[in-house]
Amino acid sequence: MLLVHGYSGAYDKVTRRVADYLRSRSGAVPKPLFGEWKEEQPPAEAQVVKPSEQVIEVLKRRGYLTQMTHAEEEAFFSKVAGKLHQMSVNTMPSYIFMPTYQCNLRCPYCFQDHMRTNPAFRHLLRIMQPEMVDRIFAALPRIEAGHGIQPGSQQARNITFFGGEPLLSESRPLIEYVMRKARELGRANFSAISNATELDAYTDLLGPEHISHIQITLDGPQREHDQRRIYPDGSGSFERIARNITLALERGTKIGVRVNVDKNNVHQLPELAEEFHRRGWEGHPGFSAYAAPINASNGKTDENSILGSWLLTKTLGEMRDQNPRMNRFGGPDDGLREKVRRIFERHENPLPSFRTEFCGAHNRMYIFDAFGDMYACWERTGDPKIRIGNIQEDGNVLTSKTQTDLWRTRTVTSNPVCRQCRFAFYCGGGCAILAEAQNGELHSNHCDGFSKRFRASAAEAYAAHASGAESVGNSDRVCDL
Ligand code: SF4
Ligand code: SF4
C-alpha cells in the first residue's frame, strides 16, 4: 500500500500490515476506490500486528504517527500553509490583458453574453486605448514591488490576452503595442485565449517568439460546434477556426484545444479525435487537446447534464481503452497523474508543487480591462464593484482593500472544511466561483470529487510507472471554468 502524507511531502510504500496498524491508530476508515474491502475494516485491535520499533520510528520520523493533538496539528498545518502561500505570492505576477469585452461570436452559454445583448452594458464594449496600456505598464513595477520583485529584475513576464475575444482583427494594433511595451520593460512570453476566428489577421505575430501559445475552444465535431459557437446571424464558426489552427501550428504557435463537455456531448469526443487526425493535427508536436467539464456557474447550465471531473476522468479512461486516438485527449486529472508519476520515477520532491490556493486569483494574477480596472478572477470581470483595484492616470494603483482581501486570502486554511482535509495541499480548495455557486460563499470548499480523483490518479500513476507505459493526455489548462 502507498502512504502519502498530506503536508510533509512524504510518500512510502508499505506492507498491508503496516497500513492496517496505522489505520487502527487513526480511527478513520478509508474506503477502497472500487468495490469493498475483502475483510472488515479496520481490523479488530487484536488482529493488528504492531510493527517493529524500528518501523514505528520511521513512521514517526516521516510524520505518519504524531504526538500532536488534532488542534495542534491543525495549527501546525495552518502555519505551514501560511509560509507556502507567502512563497507563492512572492513570485513574478502573471498578467492578463483584456483588450475588449466585445466578441464576434454569440455562444448561447457565454457568461459575458449580457454585455453584448443588453444595451445597459454597451459602454463595456470599447477597445483598450494605447494610453491605458502606458498607464498599466507604468503600474507594473509598483505591483511587482508588492510581490518582492526588485526593479530591473531579469525574470520574464507572462502576458496572456483574454476577452471578450482578444484577437479580433480590429484589436491588432493594440495587441502589437502591448507586446512592444512588454519587451521594452524586459523579457516577456505571450499567450492568448481566443476563439481563433480572426487569427489570420495576426499571422506575423504568431510563433515561438511572439504569441507562442493559444487556447482555443471547440464544442465538438463540426455539426455540434456549429450549433453552439455561432456568429450573430446563426452561422457556424468551425471551418474558419480549423483553418486558423492549421495556420498557427505552421507558424510554430502551440495550440491547446479545449472541448467543454457534459453528458450530452461527451460521446462525440472520439469523432472529434478522428477530425484531429484527418486535419493532420494529431501528431503535431505543438498540438494538444483536453476535455473540460462544463460547470453550473452561470445559471445557464442544466444541472442534470453536468459530468463533473471524476465522471469525466472515468469516461475518458474508458474511451482511451477503446480508441487509441483518444490518448491525445487530456482530461482534468492528467496533470495530477503526471505529477505523481514524476515522484515515482524521478523521486521528485512533491513539496514545490503543493498548492495552498487553487489558482492565480488568490495570489498573483492581475487582469486588466480597457478601463484600467483590475480583477483577480477571469470569471469576475466587468463589474467595477468587485474589482481589486484601478490604475490611475499617473500609473498609481488604487486598490480596494475589501475585494483584495476577499480574493487574495482564500487558501486551504480560510475555511474549516479544507483546513482539516487530508488532500488540501494537492487540491488547493477548488475553484472559488464554483464554491460560491455551490455553498453561497467564496471562502468555502469545492471538492469536485477530489478524494476519488487523487486516489485514482496515484494508483494509475503507480501502475503506469510499474508497467513502463507511456504518458497519455496532457495537462494544459488555464482555468477551471
Ligand atoms: S479557477 Fe475559478 S476562481 Fe480561479 S480564475 Fe478560474 S474561475 Fe476564477
Ligand atoms: S475542496 Fe474538498 S478536496 Fe479540496 S482541499 Fe477542500 S475539502 Fe479537500
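Predicted model: local features only at pLDDT ≥ 70, side-chain atom pairs only at ≥ 80, totals over all residues.
Val-259 is a buried residue, because 23 C-beta neighbours lie inside 10 Å of it; a residue is classed as buried if 20 or more other C-beta atoms lie within 10 Å of its own, exposed if 12 or fewer, and partly exposed in between, with C-beta atoms placed from the backbone. Residues are numbered from 1 along each chain as its sequence is written, and chains are lettered from A and ligands numbered from 1 in the order in which they are written.

**Surroundings of Val-259**

- Val-259 belongs to strand β7; here strands (E, at least two residues) and helices (H or I, at least four residues) are DSSP runs, numbered from the N terminus.
- Apart from neighbours within four places in sequence, Val-259 is in contact with Leu-218, Asp-219, Gly-220, Leu-269, Leu-272, Ala-289 and Ala-291; contact requires the C-beta atoms of two residues, placed from the backbone, to lie within 7 Å.
- His-225 is 34 residues from Val-259 along the chain, and their C-alpha atoms are separated by 9.8 Å.

**Overall form**

- The protein has 16 helices and 13 strands.
- Along the principal axes, the C-alpha trace spans about 75 × 50 × 40 Å.
- Of the 481 residues, 37% are buried.
- Among contacts with a separation of 6 or more, 71% involve residues 24 or more positions apart.

**Domains**

- The chain is divided into domain 1 (1-67) and domain 2 (70-481), with bounds that come from an automatic or database domain assignment.
- The C-alpha centres of domain 1 and domain 2 lie 37 Å apart.
- Eight residues from domain 1 and 17 residues from domain 2 take part in the contact.
- On the side of domain 1 that touches domain 2, five residues are nonpolar, three are polar and none is charged; Ala, Val, Leu, Ile, Met, Phe, Trp, Tyr, Cys and Pro count as nonpolar, Asp, Glu, Lys and Arg as charged, and the others, Gly among them, as polar.

**Parallel strand pairing**

- Strand β3 (residues 94-97) pairs with β4 in the parallel sense over four bridges, and Ile-96 stands opposite Thr-160 in β4; strands pair if DSSP finds at least two bridges between them.
- β4 and β5 run parallel and are joined by five bridges, with Phe-190 in β5 as the bridge partner of Ile-159.
- β5 and β6 also run parallel, with five bridges between them; Ser-194 has Ile-216 in β6 as its bridge partner.
- Six bridges join β6 to the parallel strand β7 (residues 254-261), where Val-259 stands opposite Leu-218.
- Seven of the eight residues of β6 are buried.

**Shell around ligand 2**

- The shell around ligand 2 has 14 residues, of which Cys-418, Cys-421, Cys-427, Cys-447 and Phe-450 come nearest; a residue is near a molecule if its C-beta atom, placed from the backbone, lies within 6 Å of it.
- Helices α13 (416-419), α14 (424-427) and α16 (450-467) each supply at least two residues of this shell.
- By residue class, the shell comprises nine nonpolar, five polar and no charged residues.

- Ala-432, Ile-433, Leu-434 and Ala-435 are buried in helix α15 (residues 432-439).
- Gly-440 follows α15 and has a positive phi, near 80°.
- Asp-448 is located in the loop between α15 and α16; its phi is near 50°, a positive value in a residue other than glycine.
- Asp-448 is buried, with 20 other C-beta atoms within 10 Å.

**Further backbone features**

- The peptide bond from Gly-163 to Gly-164 is cis, with omega near 15°, and Gly-164 lies in the loop between β4 (157-161) and α6 (172-185).
- Ala-196, although not a glycine, has a positive phi of about 70°.
- Ala-196 is placed in the loop between β5 (188-194) and β6 (211-218) and is buried, with 27 other C-beta atoms within 10 Å.
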